[in-house]
Structure formats: structure tokens, C-alpha cells
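Dear colleague,

Please find below the structure that I am handing over to you. My notes on what was found in it follow directly after.

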Amino acid sequence: MQPGLFDDLPAALPEGAAYEDEFITREEEAALLALIGALPLQEAKYKDYTARRRVVSYGGVFDYDTMELKPAGELPAELHWLRERAARWLGVAPTDFVHALIAEYRPGTPLGWHRDVPQFECVVGISLAAPTRLRFRPYRRDAPDKVQRADIVNVELQPRSIYKLTGAARWAWQHSVPPVAALRYSVTLRTARGVMPPRPR
Ligand SMILES: O=C(O)CCC(=O)C(=O)O
């Protein structure tokens with residue numbers, strides 16, 4: 001069984017997903033939290049809906065009104081080491097990560113069921129501060145909410161851990177985060193559509 005999975009839930013993550021604890025040290029986590037505290041996080045907008053999640057994007061920002069990727073600033077230099085380490089872990093070049101999103105989840109903040117926008121391919125996520133669950137359900141285009149409870153797969157995201165969503169986990173499953181119990185942050189990095197590791201890891 002992969003570390004971090006709940007004992008009473010299905011053992012296997014969807015194909016193309018992986019999870020690893022202690023990807024960064026406590027000191028690195030503290031430095032990232034201090035850095036994030038100084039970044040211009042804003043409540044995310046999805047058309048008419050303003051989410052409770054506060055975010056800042058680098059390398060591109062997805063405009064949900066036009067459904068297009070618009071330009072955004074470069075990833076701050078203080079985050080390059082994290083991008084490099086995550087790239088090594090995934091098996092791509094650091095600059096293959098063309099997008100970064102830093103997200104803050106204040107207590108009670110959820111992230112609804114979704115697949116990431118199709119402009120991107122692989123997703124990796126590094127978790128900071130409080131733990132939470134990442135939930136997966138098979139993506140059914142015809143009836144997204146008709147998924148059986150038994151089909152839902154959960155992984156507990158510990159602070160300092162990393163996960164990846166590639167292949168089927170990325171395209172054939174949706175994911176969500178239930179309302180968090182305590183303040184949590186994530187740094188997610190995305191490759192451009194079609195850019196993936198040469199061999200599955
Ligand atoms: O916070 C996380 O780890 C999940 C992020 C996510 O799914 C997203 O930003 O699309």
C-alpha cells in the first residue's frame with residue numbers, strides 16, 4: 001500500500017497518480033510558508049463564482065470567462081529549487097513546468113470536483129501546513145455525479161508531501177479537496193499539454 005492511504009479505503013491510487021511523504025524538509029516548508037505569506041494571493045474567480053481559495057498563478061493564468069490561458073508573471077526565483085526538485089521527481093526538465101499555482105485553503109475551504117484545464121498535461125502538488133484528503137472519482141462526462149461511493153479513492157496529503165497526476169489519473173479521473181480542517185497551502189506545477197516524462201515512473 002502506498003503511504004498516506006486510509007486503511008479502510010481502496011489501496012490503489014488511479015493509474016498515473018503517485019504520492020510520496022516528506023518530499024521537502026520542515027525547514028524548507030517553513031521557508032516556503034514565509035515566502036507565500038508575502039505573495040499577492042487573491043480569491044480565485046470561476047466565471048460568476050468567487051471561490052474561498054486564495055491563489056496566485058505564475059507562467060499563465062486561466063481566464064474562466066474566455067476559457068483561455070492568459071500571460072502571468074514568471075515563477076519567483078525563490079521557488080526555482082522546488083520546481084527543480086519536483087521536475088527530477090517527475091522525470092521532466094524544470095522548464096517543462098510552464099505553470100505554477102500557489103493556493104491557500106483557510107479552514108472550511110473546499111476545492112470542488114474537477115479535472116485540470118486541458119492546456120496542461122502533468123500536475124504535481126506539494127502540500128504545506130495542515131493535512132487534507134485528495135479525493136478521486138472516475139470522470140463520467142455523461143453523468144459526473146452518478147459515481148458510486150465505492151469508486152471514490154482518497155489519499156491523505158500530509159504536509160511536505162508530493163503527488164502527481166499523469167495519464168489516467170489526470171484525464172480519466174476528477175479530483176477534489178473536501179473542506180479543510182485547518183489552514184493548508186499547496187504549490188502545484190503543470191507541464192504543457194503533451195509534455196510528460198519519457199517513461200512512466
Ligand atoms: O491543493 C491541491 O493539492 C489540489 C489543487 C488542484 O487540484 C488544482 O489547483 O486544480
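Two strands are said to pair if DSSP finds at least two bridges between them. Strands (E, at least two residues) and helices (H or I, at least four residues) are DSSP runs, numbered from the N terminus. The model is a predicted one: local features need pLDDT of at least 70 and side-chain atom pairs count only at pLDDT 80 or more, while totals for chains, interfaces and linings use all residues. Residue numbers start from 1 along each chain as its sequence is written.

The sheet

An open sheet is formed by four strands in the order β7-β12-β9-β10, with antiparallel pairing. Its edge strands are β7 (111–114) and β10, each of which pairs on one side only. From one strand to the next, the twist averages 15°; the axes behind this value are lines fitted to C-alpha atoms (for helices over the stretch in contact), and angles run from 0 to 180 degrees between N-to-C directions.

Strand β9 (residues 132–138) pairs in the antiparallel sense with β10 (residues 153–157) over five bridges. Four bridges join β9 to β12 (residues 173–177), and these two strands also run antiparallel. Residue F136 has V153 as its bridge partner in β10 and H175 as its bridge partner in β12.

The ligand

Which residues surround the ligand? They are L101, A103, L111, D116, G125, H175, V177, S186 and T188, where a residue counts as near a molecule or strand if its C-beta atom, placed from the backbone, lies within 6 Å of it. Two or more residues of this shell come from each of β6 (97–105), β12 and β13 (184–192).

Helix α2

In helix α2 (residues 80–90), the buried residues are L82, R83, A86 and L90. A residue is buried if 20 or more other C-beta atoms lie within 10 Å of its own, exposed if 12 or fewer, and partly exposed in between, with C-beta atoms placed from the backbone. Seen down the axis of α2, the buried residues fall within an arc of 100°, so they line one face of the helix; the arc is that of the directions from the helix axis to the C-beta atoms. H80 and R88, on the other side of α2, are exposed. The cover over the buried residues of α2 includes β6, β8 (120–129), β11 (162–165) and β13, contact being defined as C-beta atoms, placed from the backbone, within 7 Å of each other. After α2 comes G91, with a positive phi near 95°.

Two further residues

T95 lies in the loop between α2 and β6. It counts as exposed because it has 12 C-beta neighbours inside 10 Å. Its C-alpha atom is separated by 8.6 Å from that of T191, 96 residues apart along the chain.

Y46 is found in strand β2 (residues 42–46) and counts as partly exposed, with 13 C-beta neighbours inside 10 Å. Leaving aside residues up to four places away in sequence, Y46 touches A51 and Y64.

Yours sincerely

Methods
Two residues are in contact if their C-beta atoms, placed from the backbone, lie within 7 Å.
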